[in-house]
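Dear colleague,

I am handing over the structure below, followed by an account of what was found in it. Please read the notes with the model open beside them.

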Amino acid sequence: MDWTRWEHHWYERSAQHLTSHVSLALDMHNFIEQVATNDQIVNVEMTEARKLERNLLRRLGEEYRAVDVLATNGHGFQAMSTCATLFEVAHTLGYANNDGAATEWFTSNNRERVPWGIRTLVDRNGKKLGWDDTRRDVEYGRYGFLCGFKHHNPVFSRILNLPIDADLYCAQFALAEGANLGLAAVSLVAMVRFNAETLGPTLQVTNSLFARTGPLMPRIDQILPRDN
């Protein structure tokens, strides 16, 4: 199997439908880097929370890069699976930015479960971001949707039976949702770590990028072929 050739041909066919998503992903990569390398993140006294924060910021950037690479090379199902992992990393980063939570993380010896359930993280982070109950339910619902692909649930696999390019749909969803997750996590870090002078411009960029993600979230009916 010549994967490189197949991926190249897939992207040639799909590029026109991914232009805005690719542009958003590029801006997200740059924004995450700007926050992660800010003096108020890097040049500070190391604590348990700071140590975990740096680890998770790196994971955040790398997981979204993995989503980007998979999505733009035609591996939509794998992009969704990786985005489920990104979801977990992003919401853990958003919550565990204090020494108490970080200590709980580092001292955990449970190989079967992480210290906090995803629903708990979504609710706590959502409240910090001003999300109401409906918005938090939507956020958690997206996690369930992503996990359906991650665990190869047969209900979600039936997208292959639809007369659409399933990989294109999944690519668009993963890139848009991945950006949403990165922005939520970075916002929560910034609100804790940045002074007022830095926080204001950072949240302005965050809000601008958030505004771009909504229209890029695909719906199945939007990409179904239409009868002439």
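**Arg65 and its setting**

Arg65 counts as partly exposed, because its relative accessibility is 46%, where buried means under 20% relative accessible area, exposed over 50%, and partly exposed in between, with a 1.4 Å probe and protein chains only. This is a predicted model, in which local features need pLDDT of at least 70 and side-chain atom pairs count only at pLDDT 80 or more, while totals for chains, interfaces and linings use all residues. Residues are numbered from 1 along each chain as its sequence is written, and side-chain values use heavy atoms, with hydrogens and water left out.

Arg65 sits in helix α4, which covers residues 48-71; helices (H or I, at least four residues) and strands (E, at least two) are DSSP runs, numbered from the N terminus. Between Arg65 and Thr82, which are 17 residues apart along the chain, the C-alpha atoms are separated by 9.9 Å.

**The chain as a whole**

The protein chain has 12 helices and zero strands. Its C-alpha atoms fill a box of roughly 60 × 40 × 40 Å, taken along the principal axes. The radius of gyration of the protein chain is 18 Å, which agrees with the value near 17 Å that a compact globule of 228 residues would have; the radius is taken over C-alpha atoms, and the globule rule is 2.2 Å times the number of residues to the power 0.38.

Of the 228 residues, 45% count as buried. Among contacts (heavy atoms within 4.5 Å) with a separation of 6 or more, 77% are accounted for by residues 24 or more positions apart.

**Surface and charge**

The accessible surface of the protein chain comes to about 12000 Å², and 49% of this belongs to carbon and sulfur atoms; the areas come from the Shrake-Rupley method with a 1.4 Å probe, and for residues only the protein chains shown count as cover. There are 23 positive and 27 negative side chains, and the centres of the two sets lie 3 Å apart. Here Lys and Arg count as positive and Asp and Glu as negative, with His and the chain ends not counted, and each charge is placed at NZ of Lys, CZ of Arg, CG of Asp or CD of Glu.

**Cysteines**

The structure holds zero disulfides, a disulfide being a pair of cysteine sulfur atoms within 2.5 Å. Cys83 is in no disulfide, and the nearest cysteine sulfur, that of Cys147, is 10 Å away. Cys83 is buried, with a relative accessible area of 0%, and Cys147 also counts as buried, at 13% relative accessibility.

With kind regards
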